Amino acid sequence: MSQVPNARVEAVYFSSAGGETAVSSCLSAPIAIECARTTTNDFCRSPTADTRHPKRQAENIVYAHPFSYHRAGSLLEASELLQQLGEEARLIAGGQSLIPLMKMRMVRPSALVDINFIPGLSEIRCSDGQLRFGALARHADIEESDAASSIPIVQDCAAGIADVQVRNQGTIGGSLAEADPSGDWGAVLLTLETSVRCSRPSGERTIALDDFFKDAYTTVLGHDELISEIIVKQPAKNSAGAYLAFKRSAPVYATASAAVQLTLGDSDTCKDVRIVLGCVGLTAIRAKEAEKTLREKKLEKKRIDSAVEAVRAAAEPQDDMRGSADYKRVLIAALVKRAIGIAARRARGEQVEAGHEYVGR
Ligand SMILES: Cc1cc2nc3c(=O)[nH]c(=O)nc-3n(C[C@H](O)[C@H](O)[C@H](O)COP(=O)(O)OP(=O)(O)OC[C@H]3O[C@@H](n4cnc5c(N)ncnc54)[C@H](O)[C@@H]3O)c2cc1C
């Protein structure tokens, strides 16, 4: 049991019911929580699984390893719980990355600290020239938020992540903390001046997003540290961006994605630009050479073509089930070229649709 005062601690198991797992990705709903003060493996087995045959039994396991469940009521309580419960404890937000991994037993946290009940952590608001997202802001809330509509590239991203179920549960804080190289938020937010506010037992710190990701699935966050807020500086006048992600179907990650944010000056000069490539490296890649090709120059075809060449060189794709490295290099170049065009049109005041695109459409 936790020693944190006022912490609501409930040992839980995620049970099976009628042969189907009762695990809900909707962890904020109490339905997934049952008190069962036990640590036996019996609760990890489906009642319909064939328990006489060990091989089949193993094949049937899609249940998380037992863990204790702790509901935090504040940021401080959450970080203190993480500290007390040790290295094997994990936070849970939307559960859209963590629960599938737990069910496949690719991760086996000994304890989960649920932050869904911390008040005020889902807020999205504009203040002092900044757009501020609470860590628990769901992708769907961002998609529909009036505040977020002031930065079109943010809505391109939110509206296209996976399918509606994932968007309703998944959070912006969880996405950044997961640091999945195929995740959409990292690439998009790196084109903007973004910082991440973090909370730990010893206090708070704010980290520039450029310094946040260390490697695939690895950030600078300490074990007892959580993201509380994501802060994006409102772009300058005559700025706009576009995010294009190319994928096979809604519930899969993109094959490649391109995020471009630029500011136009007089006579169609590109005053400033950031270009970030997604899914073609171990982290999102800032294509700085490509940016240099465009910065302070007139946005014209030959310059854009040079920038696209530089993008091809910057990408570090790998062959995988989504395509060969060569294919992804061609794809990322085409996506960046289109994203530059859309960002420029938007910066000139045009309304242009952009976002996730699907094979065959
Ligand atoms: C079928 C499917 C398709 C998907 N497709 C896409 C896609 O196309 N693009 C995309 O970007 N994402 C995709 N996702 C992932 C989705 O966006 C998740 O919402 C996101 O990756 C994680 O957010 P979460 O709130 O669910 O985090 P959780 O799963 O709850 O947590 C993920 C990790 O982050 C940690 N964590 C959570 N919140 C915090 C916090 N505030 N501070 C510190 N650590 C924290 C947890 O401990 C855990 O390690 C997909 C998911 C699924 C299931």
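So, this protein has eleven helices and 19 strands, where helices are DSSP runs (H or I) of at least four residues and strands are E runs of at least two, numbered from the N terminus. Before I go on, this is a predicted model, so local features need pLDDT of at least 70, side-chain atom pairs count only at pLDDT 80 or more, and totals for chains, interfaces and linings use all residues. Residues are numbered from 1 along each chain as its sequence is written.

Of the 361 residues, 47% count as buried. Buried here is 20 or more other C-beta atoms within 10 Å of a residue's own, exposed is 12 or fewer, partly exposed is in between, and the C-beta atoms are placed from the backbone.

Let's look at helix 10. Which of its residues are buried? They're Ile304, Ala307, Val308, Ala310, Val311 and Ala314. They sit on the same side of helix 10, because they cover an arc of only 160° around the axis, taking directions from the helix axis to the C-beta atoms. The face turned away from that buried side carries the exposed Lys301, Lys302 and Ala313.

What do the buried residues pack against? Strand 16 (269–278), strand 17 (285–286), helix 9 (288–294) and helix 11, with contact meaning C-beta atoms, placed from the backbone, within 7 Å.

Now the partner, helix 11. Helix 10 (residues 301–314) and helix 11 (residues 325–347) have axes that come within 9 Å and cross at roughly 145°; those axes are lines fitted to C-alpha atoms over the stretch in contact, with angles from 0 to 180 degrees between N-to-C directions. On the helix 10 side, Ile304, Val308, Val311 and Arg312 meet residues of helix 11 including Arg329, Ile332 and Lys337.

Technical notes:
Contact = placed C-beta atoms within 7 Å.
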